[in-house]
Each structure stands twice: as C-alpha cells, then as structure tokens.
Amino acid sequence: MFNKNNNYSLDSNDKRYVWHPYTQMKIWNRGSNKIIIEGDDFYLIDQNKKKILDGVAGMWSNVWGYGENPIIKSMQRQLSTLPNSTLFGLGNRKSVNLAEKLIKLCKGMDKVFYSDNGSTAIEIALKMSTQYWKNKNNNSKKHLFLSLRNGYHGDTIGTMSVGFVANFFESYKSILLKTFRVPSPKDYEFKYEVESEIVDKCLDLTEKKLKKYSSKISAMIMESGAQIAGGVSIYPRNYQKKISELCKKYDVLLILDEIATGFGRLGNMIEYEKQKSIPDIVCYGKALNGGYFPIAVTLTTNKIYKAFLGNYKDKKQFFHGHTYTGHPVGCTACITNIDHYKKTNLIVHIQQNSIHVQKKLNKFYDLDIVSKIRHKGLLTGIDLVNGKKSLNFVQGLPINYYIMKESLKRGVYLRTLGNILTIIPPLAIPRAKLDILIDVSYEILYLLDKEISNIT
Ligand SMILES: Cc1ncc(COP(=O)(O)O)c(C=O)c1O
C-alpha cells in the first residue's frame with residue numbers, strides 16, 4: 001500500500017490524503033479513481049497507462065494539450081534564468097514584457113495588475129473599484145456591487161458574493177457581502193421567444209436598479225460574452241454593449257470577467273471588443289497562460305490608475321499584493337502563449353472548428369433528453385431533461401458523476417454543470433479529436449435516452 005510505484009497505492013493514498021474540489025468525497029472514496037501520471041498530445045494518461053482525451057481543458061484553461069511546445073520550453077529556460085523575483089519593491093523583465101503585450105492587445109486598457117488565479121484577479125477588481133471612489137472622494141458611499149444572477153466569478157468570499165450561484169454557495173450565504181443583483185438573460189430565455197425582448201427586459205430591470213442605487217454602487221460586474229458556470233448562457237446580441245452604456249450613464253464602473261470566456265473560448269481573442277463594450281476593469285486567467293501556470297491579470301484604465309496617485313501619507317496606494325504577483329515563469333508562459341496564438345493563427349482555427357461543431361450538434365436534438373443546445377466558439381452546453389424536469393440524477397448518482405464515469409470508460413473526460421453536459425476542449429484541439437469528444441457525448445446520451453424512455 002505504501003509502495004510509491006504501486007498503482008493501487010496511488011488511488012488509495014489519494015483517498016487517504018487528498019480532498020478534491022466540488023466533490024462529495026463519500027462517493028469519490030467508493031470509486032476506483034483515475035490518477036493522472038502523464039500527458040501526451042491532447043490526452044491525459046492515468047496510473048494504468050490508459051489514455052483519456054480531455055474534454056474539460058483542465059477546467060477550461062488548457063489551450064495546447066499536454067505535449068512539448070514553445071511555451072513549455074520558454075518556461076524551462078526562464079526557470080534556469082530567473083525562477084522568481086517579487087514585484088514588492090522590484091520589477092522583473094518578464095512582467096514588464098507581458099504587461100506591454102497585454103496593453104497592446106486590450107483596447108482601452110493602460111495598466112496591468114498581476115495575481116495567481118481568476119478569483120484573486122476578480123478580488124483585485126473589486127478592491128480597485130471600491131478604492132477608486134474612496135480615493136476620489138473620501139465621503140463616497142459607492143461601496144457596493146451590482147452583479148448578474150447566475151454569474152460566477154470564483155470561490156473566495158468577495159467573488160462568491162458577486163457571483164452567487166445558489167447551488168454552490170448556499171452554505172456560505174451568512175458571510176457574503178451585500179450585493180445588488182439583476183436578472184441575466186438566462187432568467188428569461190424560456191419566457192420570451194425573441195432575443196431582443198430578453199435584452200429589453202434585462203436592460204429595463206438593470207436601469208431601474210442603477211437609477212435607484214447608483215450612489216451606492218461602485219461597479220457592475222459580469223462575465224463577458226457568456227455565463228458559463230451559472231448555466232452556459234450565451235448573451236444575446238447587443239446585451240453587453242447596452243449594459244456598458246448604462247454603466248456610463250449612471251457613473252458606475254464596469255468590471256468584465258473574461259477569465260473563462262476570453263482568449264478564444266468564444267471564438268474571439270478579446271471578447272469585450274467583439275461585444276463593443278469597453279470596460280473600466282477586465283480580468284483574464286485560465287487560457288491566458290495556456291493552462292501551464294497559475295497566473296491571472298486585472299487590467300484597467302489610466303482614469304482608474306490616476307486616482308491611486310498621491311502623497312504616501314494620503315494612503316491612496318493600492319493595498320494589494322501576493323507572494324507570486326508578477327511571477328516571471330508565469331509571465332513567460334503568457335508571453336509565449338500569446339505569441340503562439342499568433343503564429344498558429346489559433347483564433348481562426350477555433351472559429352473554423354466552431355462552425356464544424358455547430359453542424360455536428362444538430363443531431364443531438366433527436367434525443368428526447370436533450371432540450372436545448374448552447375454553443376459559441378469552443379464552448380458547448382447540452383441541457384438534459386427527463387420529460388419537463390431537469391435530469392439531475394441517473395441510477396441514483398448525480399448526473400455529473402454518471403457522465404464522468406461513462407465518458408472515462410470510453411477514454412474521454414467530460415463533465416456537466418448541473419444538468420448541462422459540457423464539451424469544453426483545449427482550444428487548439430484538432431478536428432478529428434474534437435469529433436471523438438462529440439461522438440462519445442452523443443453515444444452516452446443516446447444510451448441514456450434509451451434507458452430513460454424504457455423506465456418512463
Ligand atoms: C468566469 C470565471 N471567473 C472566475 C473564475 C475563477 O477562476 P479560478 O478558478 O482561477 O479562481 C472562473 C473559474 O471557473 C470563471 O469561470
């Protein structure tokens with residue numbers, strides 16, 4: 001049992017020592033679980049040398065799969081040149097180079113603040129917008145946030161407060177910050193047939209809230225382009241653009257969260273540009289670093305930055321920093337990653353594959369258990385139902401465990417979000433492997449459809 005090379009011991013020691021995220025450990029501890037040892041191409045390889053095609057992209061971050069590439073090589077070189085150096089009191093070359101690259105890439109942005117993951121990038125945005133108003137006017141009452149229902153921005157206390165997904169965060173409600181919330185397009189997707197009616201309804205409610213409370217609201221925060229964790233909801237045309245106009249009208253900052261949707265997931269490098277909505281603050285993580293290093297960024301404008309300038313004693317400086325803020329290996333990963341997007345024309349590759357996926361998804365509508373297909377770029381969500389109800393359990397197991405088990409049996413890793421089966425592959429996945437992910441998804445759902453129609 002304690003032999004390092006013994007495969008059995010890895011699974012059992014995992015159960016003995018490791019607590020997995022978002023996991024009911026009682027179910028996990030009963031299972032025979034896969035422990036990943038290596039990566040190869042777009043496959044993960046488990047303790048029994050079984051290859052698993054990744055349909056989750058390392059929780060939506062992986063871009064290039066798991067083989068050798070220039071990004072990994074540049075990180076290796078960086079480790080031998082300068083493995084780390086803090087940004088407290090010092091600069092480092094790679095954090096300068098990356099900031100310059102990002103500012104050239106992100107229209108309207110002027111400054112970059114570094115952190116280690118998406119949640120902290122958002123926490124920084126929240127603190128930045130709060131202090132912005134305070135620095136401008138010490139008596140400012142603008143210290144609350146406005147956010148969208150079904151939004152998700154991370155798992156820390158501030159991010160849970162603004163991104164409340166009831167299903168996840170009910171237990172923590174008592175410690176969350178007071179936040180104003182307005183419905184998101186997802187709340188009306190089955191109530192109105194025409195997209196523009198959904199937009200009008202959402203904008204009307206948002207404007208009412210802003211009109212009443214803008215003196216208390218420092219910023220509105222939302223995911224850019226689509227909500228993913230809250231139910232794979234792709235925004236209707238013009239929604240985000242008009243929200244950004246409302247924020248300007250009521251003098252409320254706009255924070256856009258592109259952590260999961262930027263860098264190509266929805267088929268565009270910078271989603272807010274495509275949505276014609278320049279934010280005051282925007283956050284990136286996940287695909288920004290290719291999935292290779294925990295680094296995230298919060299970008300903002302000179303307008304915000306300048307409010308933080310003053311005499312030392314004024315205490316206008318931004319009181320935030322992490323041990324690994326601006327980590328040179330992470331910055332190197334991002335720099336080479338961005339260069340590799342350009343060299344390989346990755347965004348065009350994603351857009352072409354997206355058209356292919358769209359065509360392949362149509363046949364899923366033949367299945368009674370499929371009620372809606374949500375798709376943009378390389379983000380796919382398939383709503384599963386049993387009659388009129390959400391399909392949340394199968395064979396006594398939550399649907400997520402069932403889908404994971406069935407897909408892993410077939411050499412593929414897939415997950416669900418609630419009753420939505422998601423296909424979120426590494427962005428550079430070649431077409432043939434994308435087909436495998438879609439075909440295996442179909443096979444699992446086809447068999448499930450049959451099983452359910454036999455029971456009912
Ligand atoms: C939109 C969005 N924001 C923020 C986060 C939090 O990122 P992290 O898990 O790196 O903290 C996520 C993670 O899934 C996300 O989807």
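Colleague: Which helix gives the largest share of the shell around the ligand?

Modeller: This is a predicted model, in which local features need pLDDT of at least 70, side-chain atom pairs count only at pLDDT 80 or more, and totals for chains, interfaces and linings use all residues. Residues are numbered from 1 along each chain as its sequence is written. Helices (H or I, at least four residues) and strands (E, at least two) are DSSP runs, numbered from the N terminus. With 3 residues, the largest share of the shell comes from residues 118–136, helix H6.

Colleague: Which of the residues around the ligand come nearest?

Modeller: A residue is near a molecule if its C-beta atom, placed from the backbone, lies within 6 Å of it. There are 14 residues around the ligand, and those that come nearest are Asn117, Gly118, Ser119, Gly154 and Ala260.

Colleague: How many residues of domain 1 are in contact with domain 2?

Modeller: The domain assignment, which is automatic or from a database, gives domain 1 as 34–67 + 345–455 and domain 2 as 71–343. Their C-alpha centres lie 27 Å apart. Two residues are in contact if their C-beta atoms, placed from the backbone, lie within 7 Å. On the side of domain 2 there are 22 such residues, and on that of domain 1 the number is 23.

Colleague: Which element gives the most to the side of domain 1 that touches domain 2?

Modeller: Among the elements that give two or more residues to this side are helix H3 (57–60), strand E13 (370–376) and helix H14 (346–361). The most, 5 residues, comes from H14.
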